[in-house]
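Student: I am new to this structure. Please show me how to read its features, one at a time.

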Amino acid sequence: MEFRYREFGENIFEQLFFEQKASQNTIFIFADDMDKNRGIEWFSKYMQFSNCQITTFSEFKELLFFSHFPLLREEKRVIGFYKSLDRESREFFRVSEYFDTIDIAANFFSLFSELNEAVIGDLGSIVELRKQQKEMYEMFKKIYLNYSSFLEKNGFTDTVVLHKKENIDYRNLDGIEKLIFINPMSFSKLEREIIRGAEKLCQTLFYVYGSEECYGEELVSKEFELKCRHGSYALFKDEF
């Protein structure tokens, strides 16, 4: 794992493309779509990139969770959630029609996505929940089992089911020689697991703003970590 540091205000893309002219069998991984689009502009001007891939980190993650089944996304996963509600959960959340579930589903998917990213199997094992919180969490866990069954029965999958530590699959890195991460802010525990495994297969480089004192092999910005140390876990925060 190697780090290349730049001062804030300097052009990180200029250093990247000066040093990485030979880009065969490389994946360039940008923090978000905005940085990715800027990267593509630089590539088109200064580099040949026919043998490399350009992704955001979210797109890179999807390469490493393989499934034979299509992912449910956006409104289709909300429909799946709605169809997974039994009589008890409908009464608990006072659901009478599909549109009543949209906000509930958003909280459900946000919660289990955060738990996956934090590699937490059970929220109750690390957070002391109040009575109302515990009741809601137990209901969400029941819906999660129903939703998982719905997906299996209908030949679909979802990131809340698929994106778990035990499902990381590096087959799509076969033949890849180098992974280059550009301007990342921070990584979740799951993402750090992904990178630790990937660096055993490929050369791994990070182009980051700052210095070794604020960003290094622990793969987290110290400043960002202080802001995010008390994670909300969706509905289960103090203000609930």
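Student: Are E191 and K61 buried or exposed?

Tutor: Start with the terms. Buried means under 20% relative accessible area, exposed means over 50%, and partly exposed lies in between (1.4 Å probe, protein chains only). Here E191 and K61 are both buried. Bear in mind that this is a predicted model, where local features need pLDDT of at least 70, side-chain atom pairs count only at pLDDT 80 or more, and totals for chains, interfaces and linings use all residues. Residues are numbered from 1 along each chain as its sequence is written, and side-chain values use heavy atoms, with hydrogens and water left out.

Student: What do the side chains of E191 and K61 form?

Tutor: Side chains of opposite charge can pair when their charged atoms come close. A salt bridge is a side-chain nitrogen of Lys or Arg within 4 Å of a carboxyl oxygen of Asp or Glu. E191 and K61 form one, at 3.2 Å from N to O. Helices are DSSP runs of H or I with at least four residues, strands are runs of E with at least two, and both are numbered from the N terminus.

Student: How many helices and strands does the chain have, and how many salt bridges?

Tutor: The chain has ten helices and five strands. The salt bridges come to 15.

Student: Which residue does K142 pair with?

Tutor: K142 forms a salt bridge with E88, and their closest N and O atoms are 2.3 Å apart. K142 belongs to helix α7 (residues 131-154) and E88 to helix α5 (residues 87-93), so this pair ties together parts 54 residues apart in sequence. Both ends are partly exposed: K142 has a relative accessible area of 30%, and E88 has 43%.

Student: What about R73 and E62?

Tutor: Their side chains meet in a salt bridge too, at 3.1 Å from N to O. R73 is in the loop between α3 and α4 (74-83), while E62 is in helix α3, and the two are eleven residues apart. R73 is partly exposed at 44% relative accessibility. E62 is partly exposed at 35%.

Student: At what angle do α6 and α7 pack?

Tutor: Two packed helices are described by the angle between their axes and the distance between the axes. Helix α6 (residues 102-117) packs on α7 at about 85°, with the axes 11 Å apart. Angles of 65 to 115 degrees count as roughly perpendicular, under 35 as roughly parallel, over 145 as roughly antiparallel, and the rest as oblique. The two helices are therefore roughly perpendicular.

Student: Which residues make that contact?

Tutor: Contact means heavy atoms within 4.5 Å. From α6, they include F108, L111 and F112; from α7, they include Y137, F140 and Y144.

Student: Is S89 buried or exposed?

Tutor: S89, in helix α5, is buried, at 0% relative accessibility. Leaving aside neighbours within four places in sequence, S89 is in contact with M139 and I143.

Student: How much of the chain is buried?

Tutor: Buried residues make up 43% of the 240 residues. Among contacts between residues at least 6 apart in sequence, 77% join residues at least 24 apart.

Note on methods: Axes fitted to C-alpha atoms, helices over the stretch in contact; angles between N-to-C directions.
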